[in-house]
Amino acid sequence: ATMLDPQHQPLTSRTLPFGLPVCIRVVLQIDRMLGKPDIGVSIFTGSGMEIVSTLSSMYVEQVPLVPGFGEYQINIESPKFLPGFYRVSLGLRSEFGMEDHLLPAFDFEVCPSELSSKIFADSLAGVVVATAHCELKQN
């Protein structure tokens with residue numbers, strides 16, 4: 001697994017400025033045909049609390065993988081991760097059950113950025129910033 005920058009090039013370090021999406025490229029070596037492959041990604045805090053999980057089947061049709069190499073690209077655009085240390089777990093399951101599981105697959109760090117300072121995200125004690133719509137109405 002490789003982390004990618006916004007231009008989908010491999011990152012030279014595992015540090016992302018606040019506000020960038022988490023992009024992961026997973027290259028698979030397939031030994032036998034898999035009829036319904038599903039890649040799972042989970043992101044944990046440094047202390048082990050799972051905060052984000054997703055499955056490829058939620059976003060793309062499960063198509064058979066034939067022996068050889070395959071590649072998935074996962075872009076986690078929301079929520080925005082606050083500055084801190086995170087661990088990524090990857091799993092591959094198919095109609096045969098769990099094929100492979102990497103726990104942890106790799107770690108990464110989110111560092112403060114101009115955006116995090118501008119929106120005061122550096123002062124928050126949580127783990128992620130949710131996407132929300134706020135509206136002020138006055139009489």
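Modeller: Strand 8 and strand 9 make a hairpin, with two residues between them; strands here are DSSP runs of E with at least two residues, numbered from the N terminus. This is a predicted model, in which local features need pLDDT of at least 70 and side-chain atom pairs count only at pLDDT 80 or more, while totals for chains, interfaces and linings use all residues. Residues are numbered from 1 along each chain as its sequence is written, and side-chain values use heavy atoms, with hydrogens and water left out.

Biologist: How many bridges join strand 8 to strand 9?

Modeller: There are 10 bridges, and the two strands run antiparallel; strands pair if DSSP finds at least two bridges between them. R93 has M98 in strand 9 as its bridge partner.

Biologist: In what order do the five strands of the open sheet come?

Modeller: The order is 2-9-8-4-5, with mixed pairing. Strand 2 (15-17) and strand 5 are the edge strands, each pairing on one side only.

Biologist: Switching to T54, is it buried or exposed?

Modeller: T54, which lies in strand 5 (residues 50-55), is buried, because its relative accessible area is 12% and buried means under 20% (1.4 Å probe, protein chains only).

Biologist: And what does T54 touch?

Modeller: Leaving out residues up to four places away in sequence, T54 touches I39, G40, V41 and Y59, where contact means heavy atoms within 4.5 Å.

Conventions. Helices (H or I, at least four residues) and strands (E, at least two) are DSSP runs, numbered from the N terminus. Buried means under 20% relative accessible area, exposed over 50%, partly exposed in between (1.4 Å probe, protein chains only).
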